[in-house]
Amino acid sequence: MSPVRSCSRTACRQPAVFTLTYVYADSTAVLGPLATYVEPHCYDLCADHAERLTAPRGWEVVRLPSEAGQPSTDDLEALANAVREAARPAPSSGEPVGQGVEVGRRGHLRVLRSAGQQQQNVER
């Protein structure tokens with residue numbers, strides 16, 4: 001199987017660059033950038049067939065810009081900054097996290113007291 005998807009039109013061997021989807025409820029044909037995956041009930045079209053596309057009478061053709069799927073350098077930089085921020089360790093609040101002593105239970109719920117509070121109560 002070829003890694004490049006070809007046009008869905010009969011006897012056309014050109015590479016697909018657009019995906020056509022019909023929205024029957026709205027009587028609309030949507031032509032947008034090539035979908036990432038082959039979708040059932042969608043049609044991959046080459047540039048020539050996408051340009052000459054017409055819809056049935058009473059239907060509307062919506063052409064989405066093909067550059068919309070390409071992230072800009074600003075988008076990529078913002079994504080990289082968000083990943084860096086998420087990777088930073090969270091500042092500690094002084095309260096021990098995950099270190100507690102069970103002091104009661106009701107069904108599947110447990111009442112926990114932090115280890116620091118128990119030590120203070122013991123010292124008094």
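This is a predicted model: local features need pLDDT of at least 70, side-chain atom pairs count only at pLDDT 80 or more; totals for chains, interfaces and linings use all residues.
Local features need pLDDT of at least 70, side-chain atom pairs count only at pLDDT 80 or more, and totals for chains, interfaces and linings use all residues. Residues are numbered from 1 along each chain as its sequence is written, and side-chain values use heavy atoms, with hydrogens and water left out.

Trainee: What is the order of the strands in the open sheet?

Mentor: Strands are DSSP runs of E, at least two residues, and helices are runs of H or I, at least four, numbered from the N terminus. Two strands pair if DSSP finds at least two bridges between them. The open sheet has 4 strands and mixed pairing, in the order β3-β1-β2-β4.

Trainee: Which strands stand at the edges?

Mentor: An edge strand here has a single partner strand, so one side is left without a neighbour in the sheet. That applies to β3 (42-45) and β4 (60-63).

Trainee: Which residue in β4 stands opposite L31?

Mentor: Strand β2 covers residues 28-33. β2 and β4 pair in the parallel sense over 4 bridges. Opposite L31 stands R63.

Trainee: Is H41 buried or exposed?

Mentor: H41 lies in the loop between β2 and β3. Its phi is positive, about 70°, although H41 is not a glycine. Buried means under 20% relative accessible area, exposed over 50%, partly exposed in between (1.4 Å probe, protein chains only). At 71% relative accessibility, H41 is exposed.

Trainee: What is the relative accessible area of A11?

Mentor: A11 sits in the segment before β1 (18-23). A11 also has a positive phi of about 70° and is not a glycine. A11 is exposed, with a relative accessible area of 66%.

Trainee: Why is the pair of Y22 and Y24 tilted?

Mentor: Rings of Phe, Tyr and Trp (its six-membered ring) pair if their centres lie within 6.5 Å; planes under 30 degrees apart count as stacked, over 60 as edge-to-face and the rest as tilted. The centres of Y22 and Y24 are 6.0 Å apart. Their planes stand at 35°, so the pair is tilted.

Trainee: How many residues apart are Y24 and W59?

Mentor: Y24 and W59 form an edge-to-face pair, 5.7 Å centre to centre with 85° between the planes. Y24 is in the loop between β1 and β2, and W59 is in the loop between α1 (47-51) and β4. The pair links distant parts of the chain, 35 residues apart.

Trainee: Which residues form the aromatic cluster?

Mentor: The structure holds 4 aromatic pairs. W59 is partly exposed at 25% relative accessibility. The one cluster is formed by Y22, Y24, Y43 and W59.
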